[in-house]
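Hi everyone, thanks for coming along. Have a look at the chain on the screen, and then I'll walk you through a few places in it.

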Amino acid sequence: MNQQPTTNILPSLKVCGLTKQDQIQELISINVDFLGFIFYKKSPRYVLNHLSLEDIAQINHQGKVGVFVNEKVEAIVEIAVKGKLNLIQLHGDEDHHFIIELKKQLNPDVKIIKVIRIGNDITENKNKITQTFNSSLEPQNLQPISYYLFDTDSKAFGGTGQQFDWSVLNEFEIPFPYFLSGGISEENIKNIEELKQKPFALDINSKFEKAPGDKNTDKIKKFNINMSLNGKI
């Protein structure tokens, strides 16, 4: 079990919903750790409307994340290979049996991020988190999940720009490093100090856009610089 450290260190940064090559290259130039590409056709940030898998494969970066929602295992594996993805983010209702099968078929170096979507019902949230944690702790040698990602629940499966109640995370000992998502902005970033277990990475998206998939790279650069100057959160 990879216990998430509790020390106050600078989190990694993931920018999700990327669609434009020039913006991707700008983010690479400022050392953004993870680049998120959405492979969900109903999303306004569906990457294959803008870039081909060959385009994505040619991006020279070790943190390319493919975001999927209730997709078939075979389709995820094919896209991961053709796009040379480094991580797979499961943002739908994929159960642990699905994740195990996916892990078996992926290149062993490709890591899996399992998303836990947090809504407004406190009891439901706690039950959902508990069930996910319990099912994720595989007693065998195969451990399919490398990270969790906590996001605000919505019918659109993310991209809401809304923050969930982060305090629910303090009710648990989170067994893997986690990404924090859901309306992260310059205004609410200070609230991360209240979390007992700090996030491994921050996942930003809609609060740093001009339009869906069109990032405000100047705003992202400023956010990244401010985090670096602070040295911690």
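First, a word on how elements are named: helices (H or I, at least four residues) and strands (E, at least two) are DSSP runs, numbered from the N terminus. With that in hand, L48 sits in the loop between β2 and α2, where α2 covers residues 53-57. Please keep in mind that this is a predicted model, where local features need pLDDT of at least 70, side-chain atom pairs count only at pLDDT 80 or more, and totals for chains, interfaces and linings use all residues. Residues are numbered from 1 along each chain as its sequence is written, and side-chain values use heavy atoms, with hydrogens and water left out.

Back to L48. L48 counts as partly exposed because its relative accessibility is 32%. A contact, for us, means heavy atoms within 4.5 Å. Leaving aside residues up to four places away in sequence, L48 touches F39 and L53. From C-alpha to C-alpha, L48 and I38 are 8.4 Å apart in space, and in sequence they are ten residues apart.

Now the whole chain. There are six helices and ten strands in the protein chain. Of its 233 residues, 55% count as buried. Among contacts with a separation of 6 or more, 64% are between residues 24 or more positions apart. The chain exposes about 11,200 Å², with carbon and sulfur atoms supplying 47% of that; accessible areas come from the Shrake-Rupley method with a 1.4 Å probe, and for residues only the protein chains shown count as cover.

Next, helix α1, residues 21-29. Which residues of α1 are buried? They are Q23, I24, L27 and I28. These four lie on the same side of α1, because they cover an arc of only 140° around the axis, the arc being that of the directions from the helix axis to the C-beta atoms. As a reminder, an α-helix has 3.6 residues a turn, so residues three or four places apart point the same way. On the face turned away from the buried side, α1 carries the exposed residues D22 and S29.

What comes after α1 is N31, with a positive phi near 65°. N31 lies in the loop between α1 and β2, residues 34-38 for the strand, and N31 counts as exposed because its relative accessibility is 61%. Another asparagine to look at is N70, which has a positive phi of about 50° although it is not a glycine. N70 is in the loop between β3 (64-68) and α3 (73-82), and its 42% relative accessibility is why N70 counts as partly exposed.

T152 counts as buried because its relative accessibility is 9%. A polar atom of the T152 side chain lies 3.2 Å from the backbone nitrogen of F164.

That is my tour, so over to you for questions.

Key
Buried means under 20% relative accessible area, exposed over 50%, partly exposed in between (1.4 Å probe, protein chains only). A polar contact is a pair of N or O atoms within 3.5 Å; within protein, one must be able to donate a hydrogen and the other to accept it, and residues adjacent in sequence count only if both atoms are side-chain atoms.
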